[in-house]
Structure formats: structure tokens, C-alpha cells
Amino acid sequence: MLKTRICNIELRNPAILAAGVMGSMASSLNRVYCSGAGAVVTKSFSLEPNTGYKNPTTVEVTGGIINALGLSNPGVDNFLDELRAVEDDVPLIASIYGASPEEFQEVSSRIEEYVDMIELNVSCPHAMSGCGASIGQDPELTFRVVSAVKDAIDVPVSTKLTPNVTDIVEVALRAQEAGSDALTLINSLGPGMRIDIKTARPVLSNAVGGMSGPAIKPVAVRCVYDVYRAVDIPIMGVGGIRDYRDAVEFLFAGASAFQVGTAIMYSGPVIFRNICRGLKRFMHEEGFSSIDEMVGLAHD
Ligand SMILES: Cc1cc2nc3c(=O)[nH]c(=O)nc-3n(C[C@H](O)[C@H](O)[C@H](O)COP(=O)(O)O)c2cc1C
């Protein structure tokens, strides 16, 4: 009943681990899959190692958290060992980032044979300059990054977009025109900030970071809804999902699958099994026999 596919990748269910949470090591990616996820996305990695920002890098706020890890990662050469150690039956999506179309292309080419899909992070709101949202806020640069990757590899590509733009539909359309096979909506919102009232200083070492968790869900659902009307490629919805009701909203808005990040920090990876159970029950009660029947229903 929950089986679905995205870009011809068979998924036992549409609940996917989002980039950045429990995604740095093969052991945790395997564990999340064992806990019931339909697929897993790695933490974003780049051509060269990156130490990211100093602590503190995350802070809790009403409705979620703000993080500014700064895309810390050990670089593609070290990450390859993790990709190779992910169990064969786990649908594996690698999240990558870079500062130029050439860097994205290079990383994609090196990992292509080990992954089922590549997610292009052109949307991180706290990346160092030239990376992340500074690409995804520019439709033409987004086009160039996606084109460069699509020229080089054969596995499907999903472009992960930022909500921090005037018109997310414009960027989505350019990504589609460049050959993106899917879209992931949305990366964290912001930047946001929390100030420590005892020290009168921002809490995060980077001062600002990306907001995630339940508070951003309405924005994420709206982005999926708007983009679904405009594009012909599948969407993975992400932002604030905690239970099956949240997931159903994303499916109805137009997502073919959904990703979960922040909620894992509160509930652990068992959240995937719980969401899937609730979703199955809901589908049974409401008379749906497949995920496909639910996708985009809010538009009818
Ligand atoms: C601690 C943390 C680290 C993250 N790291 C990444 C990352 O490396 N790459 C990326 O594309 N998104 C990253 N994200 C964003 C999530 O994948 C997701 O788009 C966002 O958090 C909204 O979903 P959520 O509310 O379910 O967490 C990160 C989020 C958090 C909370």
C-alpha cells in the first residue's frame, strides 16, 4: 500500500531521511533504514573537507531549532567509504554541495556508481559565501549547476530549493529546464537568530542559522503546493513533519514522497515506522489504495 517510486527508484514507503540528521555515517544511514525509512539522504558533502562553524551550532526555539553547522563534512574522498558501506538494499540519495557548477559536477561524477540519486544542495541558508542558498536564490546559477551535473552523470538528480526567495516557482522551473529529475522542497528557512539575554549576544557562533521543525511546515507545504502546479517532475516535500497528518498534507499539496529531519532529534528514528503506520491507517480509513492517488489532491 505504501510502496511508491520516485524517478524509477522503488521505495517501500514514501518516508525519507532528510539531509543533515543521522546522515554522516553508513552505520546511522543503515540504522535509519532498519527503523522503517523508505530511503535515506546523506548529510551534504563537498569536494574538499570543511570544518564548518564553531560551537554552538544549534539552538532550540519555539517551534523548532535554528542550526548553522556550516556544512561541515570530511570531503568526498572520505565520504566515499561511507557510501560504499551502506547496505545494498537501502535506496541511497547523496546530498552534495559546491561553490561552482564544476565542483558539483566533479563530486557527482566521483560518487555516481555508489548512489541511487543525487540531491543538489543549492539552498543551505548558512553556507559559506558562494555555496548553498546564494546559488539557489539565482535561477540562472541554479540552471548552470543542474546542467553541469546532468551533463556528467546518469543517476537521477533532485534539486533542493530554498524558500528564501521571492518566487520559488521561477527557480523550480529553471531547475526543471536544466534537466533536474525531481525537486526537494524545502531547505531550512531563514536565516533566523536567537539572542542570549544574559550575554546580549547571538547564541550561535555564526549568529544566524536555518530554521527547521514544526514552525516552518506551513511555508514548506505552500512551496510544494505552488511548485506542483508549475512543474512536471516529482517533488519530495520536507519541513516540519512530525506525524502522518503532516505527511498527508505534503502529499495532498503535491509531494510524491516526504523527508523528515528535525523530528528525529525528538523522537528518534522510530518516527519513520510510526509515520508509516499512521499513514497506512489513514489510507485505509479514507479509502486510498496507493500513495499516487493522494498526490496533489488539494488541487482538485
Ligand atoms: C541539524 C541540521 C542539519 C542539516 N543539514 C543539512 C544538510 O547538510 N544539507 C541539506 O540539504 N539540508 C540540511 N538540513 C535541512 C533539512 O534537510 C531540512 O530541509 C530542513 O531541516 C527542514 O526539515 P525538518 O523541519 O524536517 O528538519 C539540516 C537540518 C538540520 C536541522
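This is a predicted model: local features need pLDDT of at least 70, side-chain atom pairs count only at pLDDT 80 or more; totals for chains, interfaces and linings use all residues.
At what angle do helix 8 (residues 244-253) and helix 10 (residues 271-286) pack, and how far apart are their axes?

1. **Packing of helix 8 and helix 10.** The angle between helix 8 and helix 10 is about 65 degrees, and their axes lie 8 Å apart. The crossing of the two helices is right-handed. Helix 8 contributes Tyr244, Ala247, Val248, Leu251 and Phe252 to the contact, while helix 10 contributes Ile275, Gly278, Leu279, Arg281 and Phe282. Sorted by class, the residues of this contact comprise 8 nonpolar, 1 polar and 1 charged.

2. **The annotated residue Cys124.** An unreviewed UniProt entry places the feature "active site" at Cys124. In the model, Cys124 belongs to the loop that runs between strand 8 (117-121) and helix 4 (133-136). Is Cys124 buried or exposed? Its relative accessible area is 4%, so Cys124 is buried, the limit for that class being under 20%. When neighbours within four places in sequence are left aside, the contacts of Cys124 are Leu71, Gly132, Ala133 and Asn187.

3. **Salt bridges overall.** How many salt bridges does a search of the whole structure find? The search returns 11. Individual cases follow.

4. **Asp81 and Arg84.** A salt bridge links the side chains of Asp81 and Arg84, with an N to O distance of 3.0 Å. Both residues lie in helix 2 (residues 76-85); because they are 3 residues apart, about one helical turn separates them. Asp81 has a relative accessible area of 48% and is therefore partly exposed. Arg84 is likewise partly exposed, at 45% relative accessibility. Shared partners in salt bridges also join Asp77, Glu106 and Arg110 into one network.

5. **Arg174 and Glu177.** In the salt bridge between Arg174 and Glu177, the closest N and O atoms are 2.5 Å apart. These two residues are found in helix 6 (residues 168-177), where a spacing of 3 residues amounts to about one turn of the helix.

6. **Arg5 and Glu10.** The side chains of Arg5 and Glu10 also form a salt bridge, at 2.6 Å from N to O. Arg5 counts as partly exposed because its relative accessibility is 43%, a value that falls between the limits of 20% and 50%.

Note on methods
Residues are numbered from 1 along each chain as its sequence is written. Side-chain values use heavy atoms; hydrogens and water are left out. A salt bridge is a side-chain nitrogen of Lys or Arg within 4 Å of a carboxyl oxygen of Asp or Glu. Buried means under 20% relative accessible area, exposed over 50%, partly exposed in between (1.4 Å probe, protein chains only). Helices (H or I, at least four residues) and strands (E, at least two) are DSSP runs, numbered from the N terminus. UniProt positions are given in the numbering used here, feature names are shortened, and annotations may be inferred rather than shown by experiment. Contact means heavy atoms within 4.5 Å. Axes are lines fitted to C-alpha atoms, for helices over the stretch in contact, and angles run from 0 to 180 degrees between N-to-C directions. A crossing is left-handed if the near helix is turned anticlockwise from the far one by less than a right angle, and right-handed if clockwise. Ala, Val, Leu, Ile, Met, Phe, Trp, Tyr, Cys and Pro count as nonpolar, Asp, Glu, Lys and Arg as charged, and the others, Gly among them, as polar.
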